[in-house]
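Have the model open as you read.

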Amino acid sequence: MPEIPVHRLISARRSARAFDPRRPVEDEKISAILEAARWAPSCANRQSWRYVVCRGSSLAALRDCLNPGNYWAVHAPLIAAAVTRSDLGCRITGRDYAGLDLGLSMESLILQCVAEGLIGHPIAGFDEEKAKTALAIPSDHRIFALIIVGYPGSEDILDETALAKEKAPRTRLPPEETVFWEGWGKPRT
Ligand SMILES: Cc1cc2nc3c(=O)[nH]c(=O)nc-3n(C[C@H](O)[C@H](O)[C@H](O)COP(=O)(O)O)c2cc1C
């Protein structure tokens, strides 16, 4: 947990795995998390994110694309595929911004999940080609992540490995390793 107070949406968010398989996400809440994603900042306002929301007929096929370690996600009632293509975003002196735009939008979606009492857990552990086929996503687009969404539920659905992760404290590198002051590698004075 953050040692310095931050907004509750940030301190309360965690990539939890214990979903309630019996509780669907209400339409209004789905609209709210997608609206949050929509209002994210993006380079030159290119909005280079695309989402494929799966809660009905596509869900079974998408569940079949999960890596074994992400089996817990089969219990979630909604999965959103977060998609982009590099030329949807800006390219500025060789820097492609599509992935960054998508990530900013994903974080907005995930924080809105927290505000709605939902878990929003991004995962990269899935078979992308299989998922693209299942969702008819054009071959020149990439699925960067699946966002697993639903209400928290009982930890009984988790195996020992997933339960250990669920109970583990959230950790972060010390700021000295990731933030420098007044120049690269310089500590805070
Ligand atoms: C791009 C990305 C990919 C991730 N892939 C997985 C995954 O495949 N399986 C998983 O359980 N968690 C996955 N996570 C969640 C991270 O493990 C998690 O964010 C990290 O351990 C920090 O924990 P916290 O989100 O609870 O603070 C992913 C997160 C991100 C941003």
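Two residues are in contact if their C-beta atoms, placed from the backbone, lie within 7 Å. Leaving out neighbours within four places in sequence, Ala80 is in contact with Tyr51, Val52, Val53, Ile147 and Val149. This is a predicted model: local features need pLDDT of at least 70, side-chain atom pairs count only at pLDDT 80 or more, and totals for chains, interfaces and linings use all residues. Numbering starts from 1 along each chain as its sequence is written.

Ala80 also belongs to the largest nonpolar core, which has 37 residues; among those touching the most other members are Ile79, Leu109 and Ile147. Such a core is a set of buried Ala, Val, Leu, Ile, Met, Phe, Trp, Tyr and Cys residues joined through C-beta atoms within 7 Å. Buried means 20 or more other C-beta atoms within 10 Å, exposed 12 or fewer, and partly exposed in between.

Now look at the open sheet: four strands, in the order 1-2-6-5, with antiparallel pairing. Strands (E, at least two residues) and helices (H or I, at least four) are DSSP runs numbered from the N terminus, and two strands pair if DSSP finds at least two bridges between them. Strand 1 and strand 5 (119-123) are the edges. Five bridges join strand 5 to strand 6, and Ile119 has Gly150 in strand 6 as its bridge partner.

Finally, the loops. Gln47, between helix 2 and strand 1, has a positive phi of about 50 degrees although it is not a glycine. Gln47 is partly exposed, with 18 other C-beta atoms within 10 Å.
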